[in-house]
Structure formats: structure tokens, C-alpha cells
Amino acid sequence: MKLQDAVVAITGGGQGLGRAMAEFLAARGAKLALIDLNQQRLDEAVAACQAAGTEARAYLCNVSREADVDNTFAQIVSDFGRLDALVNNAGILRDAMLVKVKDGAIEKRMTLEQWQAVIDVNLTGVFLCGRAAATHMIQGENAGCIVNISSISRAGNVGQTNYSAAKAGVVAMASAWARELARYKIRAMAIAPGFIETEMTASMKPEALEKMTAGIPAKRMGKPEEIASTVAFILENDYLSGRVIEVDGALRL
Ligand code: NAP
């Protein structure tokens with residue numbers, strides 16, 4: 001796929017990694033449909049993309065709501081005339097131990113609400129957006145690509161039963177879609193980032209940050225642009241499909 005004039009939808013495009021992807025692709029001529037929950041942040045991200053000289057639009061949408069998602073993707077195709085790619089990037093954390101024991105007694109457990117909130121956004125949201133995007137790509141009879149943002153935590157991380165399950169699930173979905181949708185020239189891939197510098201990590205205590213960085217073989221966190229450039233690499237390489245690319249400074253064993 002050529003990035004110039006490709007219409008790319010990014011969920012969670014208003015901030016963090018999603019915004020970095022949007023600006024990276026905008027600078028290479030792609031047209032951006034940014035999906036997020038916060039209008040102000042969306043407007044700022046759209047303005048940054050437009051400043052690169054490309055077309056960009058904001059869509060307020062909760063990716064875990066079926067009607068919201070279907071309406072949003074119909075609107076994107078109506079506004080831009082087509083959809084070439086989707087990056088399923090929106091995600092949340094609700095970390096908790098499965099069962100927490102203190103002084104020999106069970107203190108608390110991951111609640112069903114914590115489990116369900118993460119599954120709704122990080123797993124069901126990816127399913128709903130992927131389904132909507134594939135529908136329009138097939139109807140438009142154009143080749144396409146879907147990129148699911150997973151995480152190093154997909155291998156199973158302490159305190160992240162919900163997040164790990166969802167992030168493993170989105171890799172499996174990319175694999176299933178790659179096989180199912182190849183006949184329509186639609187590719188599907190996943191990216192599993194390690195620790196990446198974002199607003200969240202910027203607000204961590206320096207000691208905690210130092211300890212975390214020391215455990216990464218590369219001895220530094222990844223930069224949002226390094227995830228964004230991986231998205232661009234995937235979009236541009238038409239023989240990549242059904243796989244996950246790990247971008248984690250060799251942290252994962
Ligand atoms: P972030 O800064 O929290 O950005 C995520 C964006 O998604 C936010 O703008 C958020 O909006 C939006 N969002 C949340 N729920 C949504 C929903 N239901 N519908 C639509 N938008 C929603 O996160 P990030 O660090 O950039 O991470 C982006 C992705 O990379 C996530 O999937 C994350 O799991 C993954 N990842 C990140 C890292 C890392 O080190 N940063 C590492 C591995 C994987 P609000 O803020 O308004 O809720």
C-alpha cells in the first residue's frame with residue numbers, strides 16, 4: 001500500500017501512541033480518520049495532522065459500542081470515499097492481582113468490572129472496529145490492512161489477567177483475519193510494544209522509571225515514533241500478514 005493518499009483510521013488517535021502514528025502517517029501523505037473519546041484532544045491531533053498538509057477528521061466514538069462503531073465507520077467512508085487501513089490502538093488498563101493476599105488473608109480479587117472493562121475496550125472494541133473496517137474494504141473492493149496493537153503483556157503479566165488476555169486475543173484475531181480476508185486482498189497484522197515513553201511513563205517517579213529501564217536489554221524505553229514507523233512499515237509491505245511484530249528492545253524472552 002502506498003501511504004500517499006491512503007485513508008487510515010486510528011482508534012485512540014487523540015493522544016499517546018495513536019497520535020504519534022497519526023502525525024507520522026500524515027507527514028507521509030496519508031489521510032487520517034481519528035477516533036477517540038475526548039473532543040478537545042481529537043481536535044488537537046487533527047490540527048497537527050492538517051499542519052502536515054493532509055486531510056484529517058475527528059470522530060467521537062466509544063469502540064466498545066456496536067452502533068457507535070458501525071455509524072462511525074459508515075461516516076468515515078462517506079467523508080473520505082474509502083477506507084484503506086485501520087489501526088486498532090485504543091486501549092485501557094485496570095490492573096489488579098487475580099487474588100491478593102495480605103498477612104495470610106485474602107484481601108481482594110480482580111473484580112468482574114475490572115475484567116469486563118478491559119475486555120470491552122481492548123478485545124470487543126478491536127473485534128467491532130475490525131469487522132466494520134473489513135466490511136467497508138470488501139464493499140469498496142479495495143485492498144486494505146488492519147493492524148491490532150497488542151503488548152508484551154500478551155505473554156501473561158502479573159496483575160494483568162484482563163489486559164494480558166485481551167492483548168493475546170488481538171494477536172489471534174489478526175491471525176484469523178489474515179487467513180479469512182486474504183481473498184479480498186485485506187491483510188491483518190499485530191504489533192506488540194514493550195515499554196514506550198508516553199504521558200503515563202513521564203508521570204512515573206524517577207526511581208521507578210530507572211528500575212524499569214534497567215530491566216530492558218536495550219537500556220531505554222521505546223519511542224512512540226518507533227511504534228509509528230512499524231505501523232508504516234506494515235502498511236507499505238504488501239506481503240506482511242498474519243504475524244505479530246515485537247518492538248520491545250529485546251525485553252521479551
Ligand atoms: P493512552 O495514552 O491511554 O491512549 C489510549 C487512547 O485510547 C486514549 O486517547 C483513550 O481515550 C482512548 N480510548 C480509551 N478507551 C476508548 C474507547 N472505549 N473508545 C475510544 N477510544 C478510547 O495509551 P497509549 O499508551 O498511547 O497506548 C496505546 C495502545 O498501545 C493501547 O492499546 C496500549 O494497550 C498499547 N500499548 C502501550 C504501551 C505503552 O508503553 N504505552 C505498551 C504496550 C502496548 P481517553 O484517554 O479519553 O480514555
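Me: How far does a polar side-chain atom of Q15 lie from an oxygen atom of the ligand?
Reply: In this model, which is a predicted one, a polar side-chain atom of Q15 lies 2.7 Å from a ligand oxygen atom.

Me: And what about D36 and K167, how far off are their polar side-chain atoms?
Reply: For D36, a polar side-chain atom is placed 2.7 Å from an oxygen atom of the ligand, and for K167 the corresponding distance to a ligand oxygen atom is 2.9 Å.

Me: How much of the ligand does the protein bury?
Reply: The ligand taken alone exposes 890 Å², and 84% of that area is buried by the protein.

Me: Which pocket does the ligand take up?
Reply: The space that the ligand takes is the largest pocket.

Me: Which residues come nearest to the ligand?
Reply: There are 25 residues around the ligand, and of these Q15, D36, R41, N89 and Y163 come nearest.

Me: What is the make-up of that shell by class?
Reply: By class, the residues around the ligand comprise 12 nonpolar, 10 polar and three charged ones.

Me: Which helices each supply at least two residues of the shell?
Reply: Those are α1, covering residues 16-26, and α5, covering residues 161-181, each of which gives at least two residues to the shell around the ligand.

Me: Staying with α1 for a moment, is L17 buried or exposed?
Reply: L17, which is found in helix α1, counts as buried because its relative accessibility is 15%, and the cut-off for buried is under 20%.

Me: How far is L17 from A90, in sequence and in space?
Reply: L17 and A90 are 73 residues apart along the sequence, while their C-alpha atoms are 9.2 Å apart in space.

Me: Switching to K31, where does it lie?
Reply: K31 lies in strand β2, which covers residues 31-36, and with a relative accessibility of 22% K31 counts as partly exposed. K31 is also 25 residues from A6 in sequence, with 5.9 Å between the two C-alpha atoms.

Me: Which residues have a positive phi although they are not glycines?
Reply: D5 is one of them, with a phi of about 70 degrees, and E141 is another, with a phi of about 55 degrees.

Me: Where are D5 and E141 found?
Reply: D5 is in the segment before β1, the strand of residues 7-11, whereas E141 is in the loop that runs between α4 (112-139) and β7 (144-149).

Me: Why does E141 count as exposed?
Reply: E141 counts as exposed because its relative accessible area is 73%, where exposed means over 50%. D5, at 44% relative accessibility, counts as partly exposed.

Me: New topic: what does the side chain of T213 reach?
Reply: The T213 side chain reaches the backbone oxygen of L209 at 2.7 Å. T213 has its place in helix α7, residues 206-214, and with a relative accessibility of 17% T213 counts as buried.

Me: Last one, where is D95 found?
Reply: D95 is found in the loop between β4 (85-88) and β5 (99-102), and D95 is partly exposed, having a relative accessible area of 42%.

Me: How far apart are the C-alpha atoms of D95 and R154?
Reply: The C-alpha atoms of D95 and R154 are separated by 14 Å, and the two residues are 59 residues apart along the chain.

How values were computed. Residues numbered from 1 in each chain as written. Predicted model: local features only at pLDDT ≥ 70, side-chain atom pairs only at ≥ 80, totals over all residues. Heavy atoms only, no water. Near = heavy atom within 4 Å. Polar contact = N/O pair within 3.5 Å; in protein donor to acceptor, adjacent residues only side chain to side chain. Areas by Shrake-Rupley, 256 points an atom, 1.4 Å probe, with all protein chains shown as cover. 1 Å grid on protein atoms, 1.4 Å probe; cavity = no way out; pocket = protein on both sides within 12 Å on 5 of 7 lines; lining within 4 Å. Sits in = over half its atoms within 2 Å of the grid points. Helix = DSSP H or I, 4+ residues; strand = E, 2+ residues; numbered from the N terminus. Nonpolar A, V, L, I, M, F, W, Y, C, P; charged D, E, K, R; others polar. Buried < 20%, exposed > 50% of the residue type's maximum accessible area, 1.4 Å probe, protein only.
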